[in-house]
Number of protein chains: 2
Amino acid sequence: MEHRIDRIKKQLHSQSYKLTPQREATVRVLLEREDDHLSAEDVYLLVKEKAPEIGLATVYRTLELLSELKIVDKINFGDGVSRYDLRKEGAKHFHHHLVCTECGSVEEIEDDLLEDVEKIVQNEWGFQVKDHRLTFHGICKQCQAVTMNASS
Amino acid sequence: MEHRIDRIKKQLHSQSYKLTPQREATVRVLLEREDDHLSAEDVYLLVKEKAPEIGLATVYRTLELLSELKIVDKINFGDGVSRYDLRKEGAKHFHHHLVCTECGSVEEIEDDLLEDVEKIVQNEWGFQVKDHRLTFHGICKQCQAVTMNASS
DNA sequence: TTTATATTTATAATAATTATAGTTTAAGTT
DNA sequence: AACTTAAACTATAATTATTATAAATATAAA
């Protein structure tokens, strides 16, 4: 964890931003909850546990900053709130998501499944791809099992 | 156009909803501006030209309803507003988008480029895919040309 | 230490969306 | 055709997420 904090600190410094205590606390929350997809409000509440004096606006600004530096990705699953997701170290692209329409769970796929598709887009549409957002909606393994049980 | 209105009318009736004049006016706007990605506000202003007495809340409710019936898809390009996009007739899946980070233009791709990827997700993750959202961020043809001119 | 700048807190403002109350419209029934 | 009922509508208020502002604080540079 310290290693990653350190890297992020350097990324900030390289653009002459500082890693203030508030920003560090925010980053720590994101690292600790790496598998979740927290909203700004969620992050705020968690950061408050470490640093009760922090303001909501600071959390928003920090997330915005991290987002610009591509340290986090801002996503929207259509429920009206933005969610923030740490990029894996060294990842060029945003990872994919599997959203279950039954239970609402969100699973991540880190493999880049889109290399071929991006080539097609590049060649056939002349569009120079920089990044992507891919979300599948459907039924997760667990809910499939439940449904089968229920109907048997 | 009348043909598609008629189909939508039937889809509504089949779930015992009515195609009220307000709903019809809204659908007409969506059909006329099929290539655009209108926000609820955009739709409201356009519908007002046809039916000045319509209320914003009705537009929201209509879009929500059309969205539930999968007649339109609700998307979010990360600018804080939801946008509404008509599905092509008979399309099982949502189409893809190319969002240009330079000029903000949005292009559509109707081909389903994800069939192979969906098979992988299905087989390797056991996730039963029902639909997807795929957006590429990058630089469109036009902006690539401009950039090349500017730098030469 | 002094100065300048970046960042923060607390709060107000804005913008998108949703909820509510009362009214209108339409469909089905006698 | 009048009556009844439920759906849908308008107008507006309320809510929620996010952004902007002003004053205070912290940090780095001179």
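Leaving aside neighbours within four places in sequence, Cys103(A) is in contact (heavy atoms within 4.5 Å) with Cys140(A) and Cys143(A). Cys103(A) sits in the loop between β4 and β5 (106-109) of chain A; helices (H or I, at least four residues) and strands (E, at least two) are DSSP runs, numbered from the N terminus. With a relative accessible area of 48%, Cys103(A) is partly exposed; buried means under 20%, exposed over 50%, and partly exposed in between, using a 1.4 Å probe and protein chains only. Cys100(A), by contrast, is buried at 3% and belongs to strand β4 (residues 96-100) of chain A.

An unreviewed UniProt entry places the feature "binding site" at Cys100(A), Cys103(A), Cys140(A) and Cys143(A). These positions span 44 residues in sequence, but no two of their C-alpha atoms are more than 8.3 Å apart, so they gather at one spot. UniProt positions are given in the numbering used here, feature names are shortened, and annotations may be inferred rather than shown by experiment.

## Basis of the model

This is a predicted model, in which local features need pLDDT of at least 70 and side-chain atom pairs count only at pLDDT 80 or more, while totals for chains, interfaces and linings use all residues. Residues are numbered from 1 along each chain as its sequence is written, chains are lettered from A and ligands numbered from 1 in the order in which they are written, and side-chain values use heavy atoms, with hydrogens and water left out.

## Strand β3 of chain A

Strand β3(A) (residues 82-86) has 4 of its 5 residues buried, so it is largely enclosed by the rest of the structure. β3(A) pairs (at least two DSSP bridges) with β1(A) (residues 38-39) in the antiparallel sense over 2 bridges, and Ser39(A) stands opposite Arg83(A). Strand β2(A) (residues 72-76) also runs antiparallel to β3(A), joined by 5 bridges; Val72(A) has Leu86(A) as its bridge partner.

## Surface near DNA strand D

DNA strand D is surrounded by 17 residues, near meaning a heavy atom within 4 Å.

A phosphate oxygen lies 2.5 Å from a side-chain N or O atom of Tyr60(A), and one lies 3.0 Å from a polar side-chain atom of Arg23(B).

Terms used:
A polar contact is a pair of N or O atoms within 3.5 Å; within protein, one must be able to donate a hydrogen and the other to accept it, and residues adjacent in sequence count only if both atoms are side-chain atoms.
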